[in-house]
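Thanks for coming, everyone. Let me put the structure up, and then I'll walk you through it.

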Amino acid sequence: MSLVNTDVALPFRHGGVEPSGAPARSMPVGAPSRSDDPSTAGGAASQLFQQAAGSAITRDLASVVGSPSRMAITNDLAVVSGQPSQMASSLSSSSTSNVSQLRITEIFYSLQGETSRVGLPTVFIRLTGCPLRCTYCDTAYAFTGGQNMSMSEILGQVAGYKPHYVTVTGGEPLAQKNCALLLSALCDAGYEVSLETGGALDIGVVDARVMRVVDIKTPASGEVEKNRWENLELLTAHDEIKFVLCDEADYQWAKQLMMQHHLADKCPVLFSPAHGTLNATLLAEWILRDRLPVRLQVQLHKLLWNNTPGH
Ligand code: SF4
């Protein structure tokens, strides 16, 4: 049975402490890196592709062509940068010819702020780029910038923190094709791995060992039409569904969707108030009133660090 129900406007977020001896956070937003030094080969390449960003599409990159609602992702690496209204944007250079590279905004160690793993010390790998522009987005700094890192560099930095849990987030991590390789490599290294995805791209490419936390974008997100409804049929009890809610209309919409498609029978369902937009206590009262089988989450990292990048 199709999960798409035309009765509902069906349609369809993701967050340091440096451990002793661990490497410093690799790339706080805007911080210079060795690759920014034009006197080095890497720096020269970095400058070249910075010039190219926003216009060039190379064979090594997947680009988003057209408006975000009509995405076409091509080739080996997809990174979305710039504004969604731009026809195509990319981050590319000869340095991305290594297919094991990814564009990374930051890697940091903090407490998990969401999901059933809330409060657990976790290493976060934030990938650069996102094809969506949700009204409440709190990670717009990950839309552009970042730096290329090889798989071994990423794994080495993660290992420095000696974590048990690793979360790959964004941006939209699945916009980079090599994200799937990274997720499998992290599982192979023995970590408990989760992925935070906006729900617009195919989650079927993700290693079955990974806990997939899949957003369902609500009407007030401004991106409801981007939901990839086929993803619902791929969910297992190991995954989680997340609604970020902006108002009561969003709540009612999510509630109806849950009931029509028995989402709580598939996997845990998370209801999160959009920070600064919907009162968490109010949302809690609605959930109790309606006896919804969902988990209210309030984004612990924002309570602790006010969403400062790197936490
Ligand atoms: S899907 Fe993209 S735009 Fe929406 S909240 Fe996540 S990072 Fe921000």
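I'll call a residue near a molecule if its C-beta atom, placed from the backbone, lies within 6 Å of it. With that, look at the ligand. Of the 12 residues around it, Cys130, Leu132, Cys134, Cys137 and Gly198 come nearest.

Two notes on the source. This is a predicted model: local features need pLDDT of at least 70, side-chain atom pairs count only at pLDDT 80 or more, and totals for chains, interfaces and linings use all residues. Residues are numbered from 1 along each chain as its sequence is written.

Now the overall layout. The chain has seven helices and nine strands. These are DSSP runs, numbered from the N terminus: helices are H or I with at least four residues, strands are E with at least two. The nine strands form an open sheet with mixed pairing, in the order S3-S1-S2-S4-S5-S6-S7-S8-S9. Its edge strands are S3 (147-150) and S9 (295-296), each pairing on one side only. Pairing here takes at least two bridges found by DSSP between two strands. S1 (residues 101-111) and S3 run antiparallel, joined by four bridges. In that pair, Ile104 stands opposite Gln147.

Next, burial. A residue is buried if 20 or more other C-beta atoms lie within 10 Å of its own, exposed if 12 or fewer, and partly exposed in between, with C-beta atoms placed from the backbone. By that count, 44% of the 311 residues are buried.

What about the inside? A nonpolar core is a set of buried Ala, Val, Leu, Ile, Met, Phe, Trp, Tyr and Cys residues joined through C-beta atoms within 7 Å. The largest one has 57 residues, and Val123, Ile125, Val168, Leu183, Leu245 and Ala254 touch the most other members. In soluble globular proteins, nonpolar side chains tend to be buried together.

Now the loops. Lys162 is exposed, because 12 other C-beta atoms lie within 10 Å. His262, in the loop between H4 (248-261) and H5 (263-266), also has a positive phi, near 50°. His262 is exposed too, with 9 other C-beta atoms within 10 Å.

One last stop. The peptide bond from Gly170 to Gly171 is cis, with omega near 10°. Gly171 lies in the loop between S4 and H3 (179-188).
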